[in-house]
Amino acid sequence: MSTRTPLAYSPKILELFKNPKNLGRMNDASVVSQAGSPACGDVITIYLKIDGDKIIDSSFESYGCAANIAAASILTEMIKGKTLKEAWDLTWEDVANELGGLPPIKYHCSILAVGGLKRAIRKYFEEIKREKPEWLPKDLSKEERQALEEEELIERMYKKYGVVT
Amino acid sequence: MVKISELLEQHGKPSREVYLDNENSGWVPPEVVEAMLPYFNQKGYGHPSITNLPGWEAYEVVESTLELVKKTLNIRSGELVLTHSGTEANNLAILGTALAANKGKRRKIVVSAIEHMSVLFPARTLEERGFKFVTVPVDKEGFVNPEILSMLVDNETLLVSIQMVNHEIGTIQDLKTLVKVVKDVDSEIIFHTDAVDAYGRLKIDVEDLGVDMLTLSSHKIHGPKGVGVLYVREGLKISPILYGALSTQKMWPGVENVPAIAGFGKAVELAFRDFEGNVEKMKNLRDMLIDGILETVPDTLLNGPRGEKRAPDNVNVSFLHVEGESITIELSLRGIYVSSGSACTSRVLEPSHVILAIGRKHEEAHGSILFKISRYNSREDIEYVLSQIPLAIERLREISPLAKQSKRSIDEKEVYA
């Protein structure tokens, strides 16, 4: 099969894979966003319920590997009760550390989860609140940019090989 | 730093285990292990080309294993080269042929699009050394079309390499016809076949097939890892690709892995003892597993052909809306050990080249699972697997947004960024 790398998952990842926290669609979410693409084999959906400037609840859905599921799950756990600003300041490294480390080839799982979160926060201010706090940068964050790059890469590959999506 | 021991603890040892990953690493039965043990420290622990008793004992087991393999392939002349893996034997076939061709006019190497990496990569590498690398496409079931193959070869073709049975989707090529169309274009084109997934499941007669080289691997037939074999037709000149102190093998340096060779010999003996019965058993289990999965799990696709043109031990299914690595872990927690063609462990966003070559989309390849059945599996094993797969896939589809999104209305989909 394809080129392979041994995956030294932390026990925390397996634990979250077995019993994911905050799993599932949230019907009364304030904002929903998605990052990744089915063709890449990675999709994370993040649901946020916001009250004032606080995230009072969060959940996720994930199409991906165990690291993908665990990263999305731990992220939703980390942001509950945080202000939007505090949640925005989280980095993919924070999520990877919380998981007890990620194998390097799985860094993108944590990047995608944080990219999805930042996309949700941006969408909340731009499309729902229609106001922009000072701390929210105009330019895309590192994680949003990388999520976009991954989505665009597969589009380009599909175009190259003539696959109809 | 992650400790694998802690991961194992979190995983736990399932009370019931079914091993269906014999493609990636063969399960070794006790008889084979027993056949190996004396050669570590009781007899034949010497070097097979040194003149002392333990050396001669080692030589004897090397020779008797090769004799047995020759019989099973109906080899009347020609040579068997022992290497330390199937990968090494494939590399020797491809690179050794290219080296021997030197600066001759034949510069074209033709391989099927679904070959194992140990054929594809060495062949592709030769592009950098002035060779032309051509892949033959396959159809939706993985078959090479003889007419297309005959159009791709010419009198500048050095080598054609097409496997007998595909390692992922179990397609059995009509190899005799493929060899014939190539030799009809030019009888001097060298034909190699990677038969590691055919040996022990199909009757192979090298004289009848007309191939020039053929690869076998010990661990694919429940032998230990560490032994590969390359058959080289009599009179065919290939060059060594590794250099060092030669022993009994003229083409492969380094001391032979004698205990593993003894184990391989035993594995060959076992595979050909009641050959027909073993094959029939595997076919029944294969069809039971395919039918059971397609009946009980919605949104699944069988990869590869059905019936007599599928290897008796191969089941490969794409489960849509879920990702393969997750499936392997979910099934592992339930004691069922399989592998996937997902890109998730390769990180080049490229899933299995075999599943893509038969025309599947990326998202279909990401959810592909290979179940490699063996004669050591029972009906009860397959019943257990069939009882767990619907539960495992259902749980992962619960986690995945795709299964639900494909059912939701377009209006609802628009809320997603």
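Modeller: β2(A) and β3(A) pair in the antiparallel sense over 9 bridges; strands are DSSP runs of E of at least two residues, numbered from the N terminus, and two of them pair if DSSP finds at least two bridges between them. This is a predicted model, where local features need pLDDT of at least 70, side-chain atom pairs count only at pLDDT 80 or more, and totals for chains, interfaces and linings use all residues. Residues are numbered from 1 along each chain as its sequence is written, while chains are lettered from A and ligands numbered from 1 in the order in which they are written.

Back to our two strands: A:Tyr47 has A:Ser59 of β3(A) as its bridge partner. β2(A) and β3(A) form a hairpin with 2 residues between them, and A:Gly52 in the turn has a positive phi of about 65 degrees. Of the 10 residues of β3(A), 7 are buried (20 or more other C-beta atoms within 10 Å of their own, with C-beta atoms placed from the backbone), so β3(A) is largely enclosed by the rest of the structure.

Both strands also take part in the contact with chain B: β2 (42-51) and β3 (54-63) are among the elements of chain A that give two or more residues to the side touching chain B. That contact takes 41 residues from chain A and 39 residues from chain B, where residues are in contact if their C-beta atoms, placed from the backbone, lie within 7 Å. On the chain A side, the largest share, 5 residues, comes from α1(A).

Notes:
Two residues are in contact if their C-beta atoms, placed from the backbone, lie within 7 Å. Helices (H or I, at least four residues) and strands (E, at least two) are DSSP runs, numbered from the N terminus. A residue is buried if 20 or more other C-beta atoms lie within 10 Å of its own, exposed if 12 or fewer, and partly exposed in between; C-beta atoms are placed from the backbone.
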